[in-house]
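Hi everyone, thanks for coming.

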Amino acid sequence: MEFSDIEDAELVIIAGQSWFLSPSIPLQSFFLDGRVRSYLHNRDVIFVNACRNMWLMTARQIKSYTREIGARLVGHIVFQDNHKNLISALTIVRWLMFNEKGSNFLLPEAGVSKKDIDSARCFGNVISDAYANNTVDNLQEELLKKGAIGGGNRPS
Ligand SMILES: Cc1cc2nc3c(=O)[nH]c(=O)nc-3n(C[C@H](O)[C@H](O)[C@H](O)COP(=O)(O)O)c2cc1C
């Protein structure tokens, strides 16, 4: 990995999945790579977690990676499947095994809804305001007001 064109970045937004209650293997590999670790040192990080609905241990692990690296975790945004647990267990397996993501007569579409993906821009505005106004310390609070975790207040 080569970071020369983003050497002046103050904030790094890292997106990745949860697998088996942990950061996915690609995400773990990313955080364990020496070049990534030295790049992230002394930078702000926002973690965007795509998952089914079980992200707590992933969040803890990301917190511990960023602490080890000397990066500052300033935000955490979760995009999750909003269907009931058993339903999303079925749809994710159907997606994984048969590449069938869409809804059918029995099951809804797998994964994060298009509505949630489309609403993601609201977080961009909050993040850019925080950097423009030098209020990054309160960024997570502002993200939460927009439904960054749980999705409650996300605009449609
Ligand atoms: C093998 C596997 C394990 C998973 N484990 C979890 C999990 O522990 N918690 C969770 O919330 N989602 C879990 N999921 C759902 C994934 O996070 C979800 O499929 C992913 O966000 C979709 O992103 P992708 O298309 O980049 O894989 C798992 C998915 C797979 C395929």
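Which atom of Cys51 lies 3.5 Å from an oxygen atom of the ligand? A backbone N or O atom of Cys51 does. What you see is a predicted model, where local features need pLDDT of at least 70 and side-chain atom pairs count only at pLDDT 80 or more, while totals for chains, interfaces and linings use all residues. Residues are numbered from 1 along each chain as its sequence is written, and side-chain values use heavy atoms, with hydrogens and water left out.

Let's stay with the ligand. A backbone N or O atom of Met54 is 2.8 Å from a ligand oxygen, and a side-chain N or O atom of Gln17 is 2.9 Å from a ligand oxygen. On its own the ligand has 620 Å² of accessible area (Shrake-Rupley method, 1.4 Å probe), and the protein covers 75% of that 620 Å². Around the ligand there are 13 residues, each with a heavy atom within 4 Å of it. Ser18, Phe20, Leu21, Arg52 and Met54 are the closest.

Now for the largest pocket. A pocket here is an open set of points on a 1 Å grid over the protein atoms alone, where a 1.4 Å probe fits, with protein on both sides within 12 Å along at least five of seven lines; lining residues have an atom within 4 Å of a point. The largest pocket holds about 740 Å³ of space, the volume filled by probe spheres set on the points. Its lining has 23 residues, and Gln17, Ser18, Trp19, Arg52 and Ile92 are the closest to its centre.

Definitions and conventions
A polar contact is a pair of N or O atoms within 3.5 Å; within protein, one must be able to donate a hydrogen and the other to accept it, and residues adjacent in sequence count only if both atoms are side-chain atoms.
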